[in-house]
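Colleague: I would like to learn how to read a model like this one. Can we take it feature by feature?

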Amino acid sequence: MDRSHRKDDASVALPRLQQRKTNSHKGDYGRVLAIGGSPGMSGSISLTGVASLRCGAGLTTIATPKSVQPLVAQVEPSCMTIALPEDRSGLLPMHARDQIAKVAKNSDVVAVGPGLGRSHGLDMLVQDIYCDLKTPMVVDADAINALGSRENPLAEPGGPRVLTPHPGEFRRLARDRELPKGRWTDVAADMAKRNGVVLVLKGHRTTVTDGEQVYSNETGNPGMATAGAGDVLTGVIAALLGQGISAFEAAQLGVYLHGLAGDLAAKTIGGDGMIASDLLDYLESAFQQHRRRR
Ligand SMILES: NC(=O)C1=CN([C@@H]2O[C@H](COP(=O)(O)OP(=O)(O)OC[C@H]3O[C@@H](n4cnc5c(N)ncnc54)[C@H](O)[C@@H]3O)[C@@H](O)[C@H]2O)[C@@H](O)CC1
Ligand SMILES: Nc1ncnc2c1ncn2[C@@H]1O[C@H](COP(=O)(O)OP(=O)(O)O)[C@@H](O)[C@H]1O
Ligand SMILES: [Mg+2]
């Protein structure tokens, strides 16, 4: 693509965070619907849900297969839960769609993917809600893989969409086409622009792009190379998106604050043994540090 009109890195400033107003209530700070989890991977969607609350979401509801719901409900009493139908493997079937659409209508943002699992039914379900729901959506993990199973993975988003692939998932999104060495940002920027979505290429120095702007994040550390760190990021971005900033800004500020929380955790706990749930404890300090800097 033509890079000459693109705003890269230094010219892309971090967005401002509004102070919470004195006379406000939970309905002012976004209703997050987090969809995911499956047998053996119930923790992932809990990490997403708790992260969203820690990042200021007013209300968070976790929708998960019915056999997983009792487990998820025990993790954090502040999260509400919904039991969705499941197939014989305990995964969400296509017919969970109507119930999801109904709850999504009353939500400000949907986060989908962590721990969802893989099946043909899930591929159909995710593709359907990606195209049909108008609600802004953060798409991660197995929801990205589900989109990757169709011919043009990112086509026809029904509303604002932020996708957060790690390199393995990005390869699936790019449908395993030859990815030019060192030029993944260009490929991602092109995909984002063509489809009107925001892509977050996760890893060391996560990159955020909507095709017009490219932001390269400088927070974070290898202590974050631990299971579930990405599930936390999904909740962080969802919470910010639910608080009324744009999809690009939510993704950009989300990766920055998530990395900063990781840096604060590494300073106290140490970068070798920190785990994803530790990040949750440092999100609030990351917010405060960011506010003080401005
Ligand atoms: N506590 C839980 O329940 C957890 C559940 N998880 C879920 O497990 C499912 C599978 O996700 P996974 O991501 O583990 O599996 P994937 O098969 O999607 O990805 C793992 C592979 O991706 C590649 N990869 C990832 N990061 C990379 C990097 N920075 N550089 C190069 N290659 C990289 C590597 O080849 C790696 O083996 C998802 O649904 C996910 O949400 C994970 O989030 C971990 C925690
Ligand atoms: N070496 C690293 N430096 C900075 N951040 C990292 C590093 N390794 C992983 N991360 C961050 O941790 C998260 C890992 O996400 P992901 O691979 O989806 O993990 P999971 O699926 O286990 O939650 C991403 O936000 C990524 O940027
Ligand atoms: Mg992940």
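Colleague: How many aromatic pairs does a search of the whole structure find?

Modeller: Keep in mind that this is a predicted model. The search of the whole structure finds one aromatic pair.

Colleague: How is a pair of aromatic rings described?

Modeller: By the distance of the centres and the angle of the planes. Here the partners are Phe170 and Trp184. Their centres are 5.5 Å apart, with 40° between the planes. Planes under 30 degrees apart would count as stacked, and over 60 as edge-to-face. This pair is therefore tilted.

Colleague: Which parts does the pair tie together?

Modeller: Phe170 belongs to helix 6 (residues 167–173), and Trp184 to helix 7 (residues 184–195), so the pair links parts 14 residues apart in sequence.

Colleague: Now the ligand. Where does ligand 2 sit?

Modeller: In the largest pocket. There are 17 residues around ligand 2, and Lys202, Gly203, Gly228, Gly230 and Asp231 come nearest. By class, the shell has six nonpolar, nine polar and two charged residues.

Colleague: Which helix gives the most to that shell?

Modeller: Helix 8 (residues 229–241), with four residues.

Colleague: Which atoms of ligand 2 lie 2.8 Å, 3.1 Å and 3.4 Å from the protein?

Modeller: Take them in turn. An oxygen atom of ligand 2 lies 2.8 Å from a polar backbone atom of Gly228. A polar side-chain atom of Thr206 is 3.1 Å from an oxygen atom of the ligand. For Asn221, a backbone N or O atom lies 3.4 Å from a ligand nitrogen atom.

Colleague: How much of ligand 2 does the protein bury?

Modeller: Taken alone, ligand 2 exposes 580 Å². The protein buries 79% of that.

Conventions:
Residues numbered from 1 in each chain as written. Chains lettered and ligands numbered in written order. Predicted model: local features only at pLDDT ≥ 70, side-chain atom pairs only at ≥ 80, totals over all residues. Heavy atoms only, no water. Near = heavy atom within 4 Å. Polar contact = N/O pair within 3.5 Å; in protein donor to acceptor, adjacent residues only side chain to side chain. Areas by Shrake-Rupley, 256 points an atom, 1.4 Å probe, with all protein chains shown as cover. 1 Å grid on protein atoms, 1.4 Å probe; cavity = no way out; pocket = protein on both sides within 12 Å on 5 of 7 lines; lining within 4 Å. Sits in = over half its atoms within 2 Å of the grid points. Helix = DSSP H or I, 4+ residues; strand = E, 2+ residues; numbered from the N terminus. Nonpolar A, V, L, I, M, F, W, Y, C, P; charged D, E, K, R; others polar. Phe/Tyr/Trp six-rings, centres within 6.5 Å; stacked < 30°, edge-to-face > 60°.
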